[in-house]
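Could you show me around this structure? I have it open in a viewer and would like to know what to select next and what is there.

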Amino acid sequence: MKIKKTFKALGIILLSFFLLLLVLPFFFKGKVETLVKNEINKQIEATVDFKSTSLSLLRNFPDLTFTIKELSITGKDDFETTELLHVGALRLRIDIWKIFKGNYELKEIVINKPEINLLVLKNGKTNWDIMVSEVENISENTSENVNDYESETINIALKHFVIENANLSYNDQTSNFETVINDLNTRISGNLSTEKSEIKAKITTNLKKMAIDGLSYANNISIDLDATILVDLKNYIFTFRKNQLLLNALAIEFDGSVGMLNDDITFLLNFQTPNNEFKSLLSLIPSMYAADFNKIKTSGGFSLKGFLNGTYNETSMPGYGVTILVDNASFSHHDMPTSVDNIKINADINCKTGETDAIRINVEQFDFSLAGNPFEMQLKLSHLISDPNFDFKASGTLDFEKLTQVLLLENKDLLKGKMQLHAGIKGILSDITNEKFDRVAASGSLILNDFVYNGIEKAAINIPMSQINIAPAYIDLINTHILLGESNFVLGGKVSNYLVYALSDNETIKGNLDLNASFINATQLMKMFLSEEQQTEVATATTTNENAATESAESPIEFPKNIDFTFQSHIDSLYYDTFKLYDVVAKLVYHNQKLTFNPLQANLLEGSMTLKGAVDGSKKETIGIALDFDLKDFDIPESYKAIGMLQKIAPIAERTHGTMSASFNMNGSLNKQFDPIYETLNGGGTLSTSKITIEGGKMLENLAITLGNPDYKQLVADKLHLSFEFLNGKIYQKPFEMKLAGTKTILSGNVGFDQQMDYNMDFSIPYGKIGSSVQESIDKLSGSLSQVGINLNAGTELNIRAKIVGEISDPKITIDYGNTLGDLKSEIENKIQDAIQKQKEEVISKVKETANKYIEEAEKSGDKLIKEAEQAAAKLTTEAQKLVDKGVQEAREQAEKLVTEAAKKGVIAEKLAKESGNKLVSEAEKKGNKLISEANKSGQELIKKAQTEKTKLIEEARKKAE
């Protein structure tokens, strides 16, 4: 029985203890959460948010585990739309016993699934510069308003620091440098809070991408670091021991130390490879490591060693160096018959001071034999900034198809063809810029045969034959035949200044080339050399009609800089967008990001065109144009299909049969998608047509309905000659004459690129050609013509104006009859004059008989007005007197009431009340007298006005009689 009670008591104790573990965190949660928030806010200037928090004793008993879920940090100002950090869960392990003493000791940090986005803007601002300055921290910590929570701090006593499944991206817009790291896992253990300790670090990740200016220098490299580090926090020195870094299968051991003193970081590190098997070096080629790496057979060895030595701060960089030696190595894959043999590499890169100009690159030997074809190369490069000194030699044959096989590329057809290279270039950049070519050694040739590159989607680069001869001052292209997708052309000529251009940032490459082509698909070529993102931006802008430069996407098409080329071109056929050009002959000059046509002649749209002028891409936001067009015999419906501008301003061209010629100039701007910014276009010119026929269309249909004649649904016109002008987004049409349904018509007005039109169409139209409803309108407006002896017959010419306004797709048409009435005016006036003359005497007689009657009636009316005015004046006075009497009476009653009430309060109060009462009565009498005076005045004015009106009536009666 006692044993049973004992177990029962023990169960109750355990249950109570378990419940305590569950409940106790709730007592601390609010306090810890507030403390963490305050610590974060004291340290950073950014927007911090998280989904939820939790506190547990069970996860790491007896310590508290504080968890923040979906933590995010977003910058401010320039970075308010960029999330710096997003963490799936942040776990902090806190010593519970220290909490009871008022201390918060942090023992472990675990960061789960962080997404880190580091960004450097072009102006140098960084989105991670969010730490509060020390001055601000001191100010906050010494504030008199700090509450209890804010006065408490977190002490760091870390034993573990863990990062799980992190992704990191770094984008530096100042240098166009980009790095992407995926699946970063870090585990650091040891006593991280003592002055001296030994910690162990295990880091694994994948370097997804590292690129500068869009050129990839590393991708898909697996990184595994296992390090033991001696930490001296008193002197901030970190000493590495027992360390190994794995880059794919390449193991690198390093030793030395890193010291941090103030803003300086001092490196004293040496590294080397413990494994000299050539295969491990081969693993750095991503395509080979991603394939079945174990099936690669290698022989030979290599060695790699290097150093990082010096101080890093704002003014200096540490020195570094790497040496690679490969001696008679080879490799092959058992699925491929081709091997690479006799690999010999002796390369050294060092920079003892850390400055870029101190870099020395010496590739003493880089030899190999691919499929029995030997290839040799040497390179020496120094003084990269001050005055590049270079010495390059290469000789041998490369079979690109064999090369793709041995590199195990997924796209087996990526490269094909052969290259024979025998060239050497040696010199100093300053000698080239000063044109001292006798001091520069440059000679050799490069020959390509049946070269194919299939790395561009939906198109291939194919060079059946190309020979390039190299000289110090220029390279000479000899009948270089190029197939780019569907385009087929041959280049020849000289390219100069190529060495200065290659070795400097701001020098210009120059060329004078002949281009002959059987066919060029310009639309396809543009897509080939745009990224997928740029192509999407162009397509989006075209779909949404983003014509304003400020709304366009960020420069999807940029004109290349530092190129000065002149092309003499002859192209049998060229396609661009919806245009098909034939027999294109052009002199094209490209200079300072400006393309000049001088001129371009071509046959298109069943006619011909000559184009002169320039397209200037040097501006940041827009592309400037200044072009002169001379178009001859363009087929109008074909022009409608091809020319987007014509579709906007003249959709009726789709239903027009005939040809047109035009000569005009156009100045303005395009956006970066080559769409016109219509409101900037200025210019003008002339246009002429053959005999044209326009059948149907909304405008002619509406005109026919308005005129009441179906003949106007079709326009047949002889040769037209007209002038037009571009201005502020509109095309202004100067008046020109044509025949519409056999009717003389003059058209003038304007149409905007917003497809709003405002035209006047003036007709000289026979009365019989307008509908009955229009005839009725003319009859109503001109009066009953037949009553005055005017009868309009079918042949009577009427001048009317059709006003055409609104959307081009459905314009509104109204008829202005003002001209018609003007033409009829003289005839109507003559008829009326005759009638007036016949009736003149009769009218005068009747006027005399009735004159006295008019005057008598006027006097009676005037007397009546005066009498009514006198009655109204008397009434005003009577009503005013009633109001006055009433007001005075009310004032007296109020005065008596005041006296009666005051008498109850004493003699003085009664006296004061009498004075106030008398004052009230006096004021009421004054107001009454004023009111009566005003009433009398108003009455006299009414009478005076009536007398004036009587005089006026009599005067008007006399004039009427006269």
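Before the first stop, a word on the labels: helices (H or I, at least four residues) and strands (E, at least two) are DSSP runs, numbered from the N terminus. Keep in mind, too, that this is a predicted model.

**Stop one: a loop residue**

Select V440, which sits in the loop between α8 (429-433) and β20 (441-456). Is V440 buried or exposed? With a relative accessible area of 6%, V440 is buried, because buried means under 20%.

**Stop two: charged pairs**

Next, go looking for salt bridges. How many does the structure hold? There are 9 salt bridges. Side chains of opposite charge can pair when their charged atoms come close.

Start with R241 and E198, whose side chains meet in a salt bridge at 3.5 Å, N to O. R241 belongs to strand β10 (residues 237-247) and E198 to strand β8 (residues 196-212), so this pair ties together parts that are 43 residues apart in sequence. Show the surface and you can check both partners: R241 is partly exposed at 36% relative accessibility, and E198 is partly exposed with 39%.

Then jump to D758 and K803, another salt bridge, with 3.5 Å from N to O. Here D758 comes from strand β38 (residues 756-766) and K803 from strand β39 (residues 797-807), so the pair ties together parts 45 residues apart in sequence. D758 is partly exposed, with a relative accessible area of 31%, and K803 is partly exposed, with 31%.

One more: D810 and K812 form a salt bridge at 4.0 Å, N to O. D810 counts as partly exposed at 33% relative accessibility, while K812 counts as exposed at 51%.

**Stop three: aromatic rings**

A search of the whole structure turns up 15 aromatic pairs. One of them is F519 with Y575, an edge-to-face pair with 5.0 Å centre to centre and 90 degrees between the planes. This pair links distant parts of the chain, with F519 in strand β24 (residues 509-521) and Y575 in strand β25 (residues 563-576), 56 residues apart. F519 is buried, with a relative accessible area of 18%, whereas Y575 is partly exposed at 27%.

For a group of rings, select F629, F664, Y678, F724, F726 and F753 together: they form one aromatic cluster.

Now colour helix α14 (residues 698-707). Which of its residues are buried? They are L700, N702, L703, A704 and L707. Step just past the end of α14 and you reach G708, which takes a positive phi of about 75 degrees.

Finish in helix α16 (residues 818-903), where A874 is found. A874 is partly exposed, with a relative accessible area of 43%.

Definitions and conventions. Residues numbered from 1 in each chain as written. Predicted model: local features only at pLDDT ≥ 70, side-chain atom pairs only at ≥ 80, totals over all residues. Heavy atoms only, no water. Buried < 20%, exposed > 50% of the residue type's maximum accessible area, 1.4 Å probe, protein only. Phe/Tyr/Trp six-rings, centres within 6.5 Å; stacked < 30°, edge-to-face > 60°.
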